[in-house]
Amino acid sequence: MVLNWIWIAFFAIAFLMAAGRSIFEGDLQVWSDVMNSSFDQAAFAFEISLGLTGVLTLWLGIMKIGERAGAVEFFGRLISPFFSRLFPGIPNGHPAMGAIFMNISANMLGLDNAATPMGLKAMQEMQSLNPKKDTATDAMIMFLVLNSSGLCLIPISIMMYRAQGGAANPTDIFIPILIATSIATLVGIGALCLKQRIRIDRVICAWLGGIILAVGGVTWFFSSLPADKVQIYSTFGANLILFSVIIAFICAGIKRKLRVYDVFIEGAKEGFKTAVMIIPYLVAILVAIGMFRASGALDIFTGWVEAFVGWLGFDTQWVGALPTMLMKPLSGSGSCAMMLDVMKANGADAFVSKLAAAVRGSTDTTFYILAVYFGSVGVSKTRYAAGYALLADITGAVAAVIVAYFFFT
């Protein structure tokens, strides 16, 4: 229901903004800009789906091998004490547990291309337990909020963009991003535990404490490395782990005497079907976002915020990163473009550029995740998923601003 009204609001605001600019500013070109944006975004949505087809085909094939070989079930048992409490609607030993673990692990390593197919596999497994196929379950919502909060130990792509932008130390946003995304994840989990009446017992506290210690360990390790080695070692570690998973799945399949190639092809066919299924959902959300942005509503809002913050007497440097902050829940490519635009205008080492990078890495792309993940299993009634995912987004953005001021001013 929330997503339905948000989607309608994008179109309504875009229309009102375009009408206002035509009436009060005599700008008739805005209508062409808005409609051209709708066509461009529709094409872009198809391109994304087309680009995902190969990745989905590969990774759902690999996941099918892991599932048949028992490796996914093994990972599910490994984290069962924690996830059985966060996802009480999923039976112990169910394949969904292993798929959820694989997805979250890939996200933590910054491996977006691998995380999405694993996440779609997790949604398919949870949908098999869903008595109301068009309505999101509590487990699905918990999973979506965990993805939206975007806990990432190694923000490889952002460090790469900063290096390309000429930053003196491209990895200096590593620790701020890690802190901000950790806070967003903890708040998202805590809020949903209260909403779903999940008792926060010693096991949950112990696992969350372990996550905090792991984040602290990663922070300590990378902060002790020379600046020019952080990106090299983080990229190496993430890809080594990912390739090791592929080899482990194949070896497990050989041990089970599976026809590994045939099993891969079976899973790969599912990947192609999934890529086709998500096209309408991507078109719906990306067209709405594109028209909203092209109407000028985002620029107007940013200007109002800067004026208000200045009127209150507070520092307005952070407002330059506001477009990145607002675009992040809506569009990954859009927020990336906003971040790169800030870096281009101010220099990669300016405070606002570092803040924009920290904001972009603090959470994931909420509406893209909602559209793709729910769309892949035909869920149309998302209940309170959008509201709690946005709570994690807002928390991550605020944390990123506070942490950036602490580290960079």
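Me: In α13, which residues are buried?
Reply: This is a predicted model: local features need pLDDT of at least 70, side-chain atom pairs count only at pLDDT 80 or more, and totals for chains, interfaces and linings use all residues. Residues are numbered from 1 along each chain as its sequence is written, and side-chain values use heavy atoms, without hydrogens and water. Buried means under 20% relative accessible area, exposed over 50%, partly exposed in between (1.4 Å probe, protein chains only). In α13 the buried residues are Leu282, Ile285, Leu286, Val287, Ala288, Ile289, Gly290, Met291 and Phe292.

Me: How many Å apart are the end C-alpha atoms of helix α13?
Reply: Helices (H or I, at least four residues) and strands (E, at least two) are DSSP runs, numbered from the N terminus. The expected span is 1.5 Å times one less than the number of residues. For the 16 residues of α13 (residues 279-294) that gives 22 Å, and the end C-alpha atoms agree, because they are 22 Å apart.

Me: What is the phi of Gly296?
Reply: Gly296 follows α13. Its phi is positive, near 95°.

Me: Is Leu16 buried or exposed?
Reply: Leu16 is found in helix α1 (residues 2-25). Its relative accessibility is 60%, so Leu16 counts as exposed.

Me: How many helices and strands are there in the protein?
Reply: Buried residues make up 54% of the 409 residues. The C-alpha atoms fill a box of roughly 70 × 45 × 40 Å along the principal axes. The protein has 19 helices and zero strands.
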